[in-house]
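Student: I have a protein model open and would like to learn how to read its features. Could we take them one at a time?

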Amino acid sequence: MDYKIYLKGLNSTVTIDKGELISFKFADDEYIHQKGNKGWRKSDDEMFPVIGPTAENNFRVHTKNGDAIQDQHGLLRELEYSLIASDENNASFIKKYKKNTKIKNSKFPAKSSEEFLFWPFDFTFEKSFSIKNNVLNIDFTITSVENMPFMLGYHPAFLLSNTGNETFVANDTVYNLSDVYKAGSNAFPILNSDKITLKNIDKNDIEITTKGFDNFMLWTEVDNMVCIEPITQYTSYTDQKFSEENMRLSKGKNTFSIAIKPISF
């Protein structure tokens with residue numbers, strides 16, 4: 001049985017598989033990296049409640065409720081989405097977590113010494129998709145107790161031409177794939193920005209605008225895909241001493257949004 005969800009815009013289609021964006025087509029062109037191709041093994045993911053590697057801090061994050069054990073990019077990606085509702089243009093999913101519940105770490109033992117992860121706060125994490133006039137909107141709603149520390153990042157991968165000639169425009173500056181390569185595993189930061197344009201050479205450009213994140217980072221190791229990631233913090237500038245002093249504090253309900261827009265000529 002096909003459990004995928006399909007959304008339809010004016011001249012665009014979106015495919016979602018268990019909460020993961022696996023396809024966004026506009027004018028018959030695919031814009032999302034396809035799993036199984038060289039590069040990253042996923043098409044999109046979320047980073048929560050931390051962003052970046054935690055190994056240098058012995059996988060510990062200090063909070064007012066005690067130390068948590070978190071691996072790189074947090075434990076949210078170890079949980080499964082449940083479908084809330086869907087129709088022709090919209091789909092909503094949710095993940096729920098009860099504080100201090102131990103979650104199996106998929107990186108253990110090959111890439112991590114920590115078999116289980118946990119977080120000392122309850123939270124719910126909603127991810128909603130909507131397509132209107134060929135613009136794909138992705139909204140996140142995080143509900144928790146007030147003052148829960150957190151970081152949030154969205155991690156979509158975009159399909160490239162495999163030539164290495166794509167560029168990115170943000171803050172009136174042009175960046176090249178070579179800039180992204182040089183940053184390596186740290187990812188390339190574009191800070192204090194809520195808009196970035198991917199200048200494609202074989203199809204329409206893509207404009208990505210955000211609310212609530214305020215920063216991006218770019219990552220790839222190959223010419224056929226790039227991750228353009230809205231983030232609340234760029235942690236590779238820190239000493240990895242993860243604590244709530246270096247994180248945002250929840251307002252109880254926090255919302256973030258991304259709009260992905262093909263630019264027609």
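This is a predicted model: local features need pLDDT of at least 70, side-chain atom pairs count only at pLDDT 80 or more; totals for chains, interfaces and linings use all residues.

Student: Is Leu191 buried, partly exposed or exposed, and what is its relative accessibility?

Tutor: The cut-offs matter here: buried means under 20% relative accessible area, exposed means over 50%, and partly exposed is in between. Leu191 has a relative accessibility of 30%, so it counts as partly exposed.

Student: How far is Leu191 from Met217, in sequence and in space?

Tutor: A separation in sequence and a distance in space are read separately. Leu191 and Met217 are 26 residues apart in sequence, and their C-alpha atoms are 7.9 Å apart in space.

Student: What share of the contacts in the protein between residues at least 6 apart in sequence join residues at least 24 apart?

Tutor: Of those contacts, 65% join residues at least 24 apart.

Student: Which secondary structure does the protein have?

Tutor: The count is 1 helix and 25 strands. As for overall form, the radius of gyration is 18 Å, close to the 18 Å that the globule rule gives for 265 residues, so the protein is as compact as a globular protein of that length. The C-alpha trace spans about 55 × 40 × 35 Å along its principal axes.

Student: How much of the protein is buried, and what is its accessible surface?

Tutor: Buried residues are 55% of the 265 in the protein. The accessible surface is about 12300 Å², and carbon and sulfur atoms account for 46% of that surface.

Student: What should I look for in the backbone?

Tutor: Most residues other than glycine have a negative phi, and most peptide bonds are trans. Departures from either pattern can be picked out and placed.

Student: Which residues have a positive phi without being glycine?

Tutor: His73 is one of them, with phi near 70°. His73 lies in the loop between β7 (66–69) and β8 (82–86), and its relative accessible area of 11% makes it buried. Asn162 also has a positive phi, of about 75°. Asn162 sits in the loop between β16 (157–159) and β17 (167–170) and, at 39% relative accessibility, is partly exposed.

Student: Where are cis peptide bonds found?

Tutor: Omega is the angle to read. Between Phe48 and Pro49 the bond is cis, with omega about 5°, and Pro49 lies in the loop between β5 (46–47) and β6 (60–63). The bond from Phe108 to Pro109 is also cis, with omega near 0°. Pro109 is in the loop between β10 (103–104) and β11 (116–117).

Student: How much space lies in the largest pocket, and which residues lie nearest its centre?

Tutor: A pocket can be described by its volume and by its lining. The largest pocket holds about 820 Å³ of space. Its lining has 30 residues, and Trp40, Gln72, His73, Arg77 and Lys107 lie nearest the centre. By class, the lining has 9 nonpolar, 11 polar and 10 charged residues.

Student: What is the lining of the second largest pocket made of?

Tutor: The second largest pocket has about 400 Å³ of space and is lined by 16 residues. Nearest its centre are Lys18, Glu20, Arg77, Leu79 and Lys95. The lining divides into 2 nonpolar, 1 polar and 13 charged residues. Arg77 is among the residues nearest the centre in both pockets.

Note on methods. Residues are numbered from 1 along each chain as its sequence is written. Side-chain values use heavy atoms; hydrogens and water are left out. On a 1 Å grid over the protein atoms alone, a cavity is a set of points where a 1.4 Å probe fits but cannot get out, and a pocket is an open set with protein on both sides within 12 Å along at least five of seven lines; lining residues have an atom within 4 Å of a point. Grid points are joined across faces, edges and corners, and a volume is the space filled by probe spheres set on the points. Ala, Val, Leu, Ile, Met, Phe, Trp, Tyr, Cys and Pro count as nonpolar, Asp, Glu, Lys and Arg as charged, and the others, Gly among them, as polar. Helices (H or I, at least four residues) and strands (E, at least two) are DSSP runs, numbered from the N terminus. The radius of gyration is taken over C-alpha atoms; the globule rule is 2.2 Å times the number of residues to the power 0.38. Buried means under 20% relative accessible area, exposed over 50%, partly exposed in between (1.4 Å probe, protein chains only). Contact means heavy atoms within 4.5 Å. Accessible areas come from the Shrake-Rupley method with a 1.4 Å probe; for residues, only the protein chains shown count as cover.
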